Amino acid sequence: MMDERLESLIYLLQRNAIADPRVLAAMRDIPRDFFIEAANLKPLAYADEALPIECGQTISQPYIVAYMTERLNVQRKHDVLEIGTGSGYQTAILSRLARHVYTIEIHEELHRLAVGRFKALGLDNITALCGDGSKGWPEHRLFDRILVTAGVSAAPPDLVGQLGPCGAMVIPLGKTSSQRIALVARAETRVDYQSLIPVRFVPLL
Ligand code: SAH
């Protein structure tokens, strides 16, 4: 039953132009229902919908997770920083593609639940921190890729500053009513912004 729903979700992603086989394989491998606590919502885990989670937050829509992951173009050699762990689903997807994922969540309860899930699934290339991610990772190391899964009006300068050479960041930018995914790319001394599809994310706190 679950397999059938998962297969139709993967089919839907492909129909909606998600083409990177590594992204599709990760979406196949990571059980989304495992990242949803509420028994009444588990049956919806493989529908293409965002769902409410603890602390008034949301687990992102699978298409948006796949889309952002594909745009981020994560390579096996990459260290990735994620802001907004939430359920940990997106983190788990990234962990299948990256060398290491560093993820920050502001809500203690969400952080704790996500860490338990990473452990249970044996995802051992994730380091999770509870705190405010808007200033990036405390040690100010450089990252190859940064993914922000909460909306902001403008890209936080501290995050842009933590992009390594040829680094890229995917982040929802703009007012809630007119938010779009942006691809921020660092090229030598320049930082390029590309505006992509419209979305609606919970705000960065
Ligand atoms: N990728 C997650 C999305 C969760 S929603 C998922 O699919 O489950 C965004 C998350 O960002 C929420 O869990 C929220 O608590 C968190 N968040 C908001 N502001 C934050 C901040 N300043 N630092 C870290 N996390 C933050």
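Met 169 stands opposite Val 184 in S8, and I would like to start from that pair, bearing in mind throughout that what we are looking at is a predicted model. The strands concerned are S7, which covers residues 163-173, and S8, which covers residues 180-187, and they pair in the antiparallel sense over 6 bridges. Between S7 and S8 there are 6 residues, the two strands forming a hairpin, and in its turn Gly 174 has a positive phi of about 115°.

If we now stay with Val 184 and look towards the next strand, we find Tyr 193 in S9 standing opposite Val 184. Strand S9 runs over residues 190-198, and its pairing with S8 is again in the antiparallel sense, this time over 7 bridges. S8 and S9 also form a hairpin, here with 2 residues between them, and the turn residue Glu 188 has a positive phi of about 50°.

Let me turn from the strands to the ligand. Which residues come nearest to the ligand? Of the 22 residues around the ligand, these are Ser 87, Glu 105, Asp 132, Gly 133 and Leu 205. By class, the shell divides into 8 nonpolar, 12 polar and 2 charged residues.

As for individual atom pairs, the side chain of Ser 87 places an N or O atom 2.6 Å from an oxygen atom of the ligand. With Asp 132, a polar side-chain atom lies 2.8 Å from a nitrogen atom of the ligand, whereas with Leu 205 a polar backbone atom is 2.8 Å from a ligand nitrogen. On its own the ligand has 580 Å² of accessible area, and the protein covers 100% of that area.

Finally, the space that the ligand takes is the largest pocket, and the elements giving two or more residues to the shell around the ligand are strand S2, at 58-59, and strand S4, at 100-105.

Note on methods:
Residues numbered from 1 in each chain as written. Predicted model: local features only at pLDDT ≥ 70, side-chain atom pairs only at ≥ 80, totals over all residues. Heavy atoms only, no water. Near = heavy atom within 4 Å. Polar contact = N/O pair within 3.5 Å; in protein donor to acceptor, adjacent residues only side chain to side chain. Areas by Shrake-Rupley, 256 points an atom, 1.4 Å probe, with all protein chains shown as cover. 1 Å grid on protein atoms, 1.4 Å probe; cavity = no way out; pocket = protein on both sides within 12 Å on 5 of 7 lines; lining within 4 Å. Sits in = over half its atoms within 2 Å of the grid points. Helix = DSSP H or I, 4+ residues; strand = E, 2+ residues; numbered from the N terminus. Nonpolar A, V, L, I, M, F, W, Y, C, P; charged D, E, K, R; others polar. Pairing = 2+ DSSP bridges.
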